[in-house]
Amino acid sequence: MVLDTRAPAVPAVVTRRHRLRAFWLPATYSYVGLVVTVGIVLTVVSTSRATRIVLHASTNLHNLLRGHFGTLFASAFVIGSGAATVWIIVPLLACLLALAEHRLGAMRMVRTFVLGHIGATALVAAGLWVAVESQLVPNSITTVEDTGVSYGAMAVVGALIAVLPAHRRLVWAGSWLALALGGVVLWHTFTNVGHFLALCLGLGIGRLMIHRHADPVRPLSRIEAGLLAAGSLFACLMLLG
């Protein structure tokens with residue numbers, strides 16, 4: 001009697017379900033859905049009302065110094081309206097967050113995004129307050145529109161160092177730091193400074209993840225590599241736009 005030692009074949013339906021379950025990313029889908037909804041609202045309301053909404057959600061000094069700390073949350077859902085935002089920025093952002101959630105997990109991705117968004121915003125606000133009090137910048141800067149996802153997204157970009165092979169981590173960190181610093185040198189805006197700070201926070205989070213999980217990193221699949229490329233394009237647009 002000959003025993004059949006071959007492993008039983010896995011039905012194609014089961015394999016397909018497993019792949020679909022692997023890319024069930026509730027945090028990414030929920031966040032992107034809310035961002036799109038806010039963008040649509042800003043598109044359909046009048047220009048004056050849209051401006052009031054954006055200013056109300058802005059994390060500028062005028063709002064923060066008056067205790068409107070809810071803007072730290074609301075500002076992350078306001079990235080503007082228009083075709084460029086809907087058809088280019090949001091899909092690229094979704095790719096970045098999808099890769100991070102898929103490889104790092106929903107909670108790590110959310111914590112990284114929130115820390116980058118709030119941390120960089122707070123640091124920038126503190127620097128602006130000192131600059132305004134020292135009369136190094138005009139007081140009008142306290143009421144500028146300041147919303148968007150770029151701080152949180154740059155932190156996620158930095159944290160993705162944890163999903164890369166060891167021999168690519170230095171190149172990843174060095175390239176993004178150089179690009180972010182280049183934006184600061186070229187444009188001298190507080191937003192560029194915020195991008196740099198958020199990236200540093202994300203890189204720090206990524207290094208902590210690497211130290212806590214010493215297991216070898218699984219290579220990126222083709223889909224994951226595509227998501228990484230799209231997410232990198234998004235980050236470049238944020239840093240250079």
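Modeller: A residue is called buried when its relative accessible area is under 20%, exposed when over 50%, and partly exposed in between, with a 1.4 Å probe and only protein chains considered. The model above is predicted, so that local features need pLDDT of at least 70 and side-chain atom pairs count only at pLDDT 80 or more, whereas totals for chains, interfaces and linings use all residues. Residues are numbered from 1 along each chain as its sequence is written, and side-chain values use heavy atoms, with hydrogens and water left out.

Colleague: What share of the 241 residues in the protein is buried?

Modeller: Buried residues make up 41% of the 241 in the protein, whose C-alpha trace spans about 90 × 40 × 30 Å along its principal axes.

Colleague: How many helices and how many strands does the protein have?

Modeller: Helices are DSSP runs of H or I with at least four residues, strands are runs of E with at least two, and both are numbered from the N terminus. The protein has eleven helices and zero strands, and its elements, read from the N terminus on, run α-α-α-α-α-α-α-α-α-α-α. As one example, Arg-222 lies in helix H11 and counts as exposed, because its relative accessibility is 81%. The C-alpha atom of Arg-222 is separated by 42 Å from that of Gly-127, the two residues being 95 apart along the chain.

Colleague: How many salt bridges does a search of the whole structure find?

Modeller: Side chains of opposite charge can pair when their charged atoms come close. The rule applied here asks for a side-chain nitrogen of Lys or Arg within 4 Å of a carboxyl oxygen of Asp or Glu, and a search of the whole structure finds two such salt bridges. In one of them the side chains of Arg-103 and Glu-224 meet, with 3.0 Å from N to O. This pair links distant parts of the chain, Arg-103 being in helix H6 and Glu-224 in helix H11, 121 residues apart.

Colleague: Is Glu-224 buried or exposed, and with which other residue does Glu-224 form a salt bridge?

Modeller: Glu-224 counts as buried because its relative accessible area is 0%, and Arg-103 is buried too. Glu-224 also forms a salt bridge with Arg-218, where the closest N and O atoms are 3.6 Å apart. Arg-218 itself is partly exposed, because its relative accessibility is 45%. Through shared partners, the salt bridges join Arg-103, Arg-218 and Glu-224 into one network.

Colleague: How many cavities of 30 Å³ or more are there, and which residues line the largest cavity?

Modeller: Rolling a probe the size of a water molecule over the atoms shows where empty space is left. On a 1 Å grid over the protein atoms alone, a cavity is a set of points where a 1.4 Å probe fits but cannot get out, and lining residues have an atom within 4 Å of a point. Grid points are joined across faces, edges and corners, and a volume is the space filled by probe spheres set on them. By this rule there are two cavities of 30 Å³ or more, and the largest has a volume of about 70 Å³. Its lining includes Thr-59, Asn-60, Leu-61, Asp-146, Tyr-151 and Phe-190, while helix H7 (residues 106-133) gives the largest share, four residues.

Colleague: Which residues line the second largest cavity?

Modeller: The second largest cavity, with about 30 Å³ of space, is lined by Val-35, Val-36, Gly-39, Ile-79, Gly-80, Thr-85, Val-86 and Val-90. Helix H2 (26-44) and helix H6 each supply at least two residues of this lining.

Key:
On a 1 Å grid over the protein atoms alone, a cavity is a set of points where a 1.4 Å probe fits but cannot get out, and a pocket is an open set with protein on both sides within 12 Å along at least five of seven lines; lining residues have an atom within 4 Å of a point.
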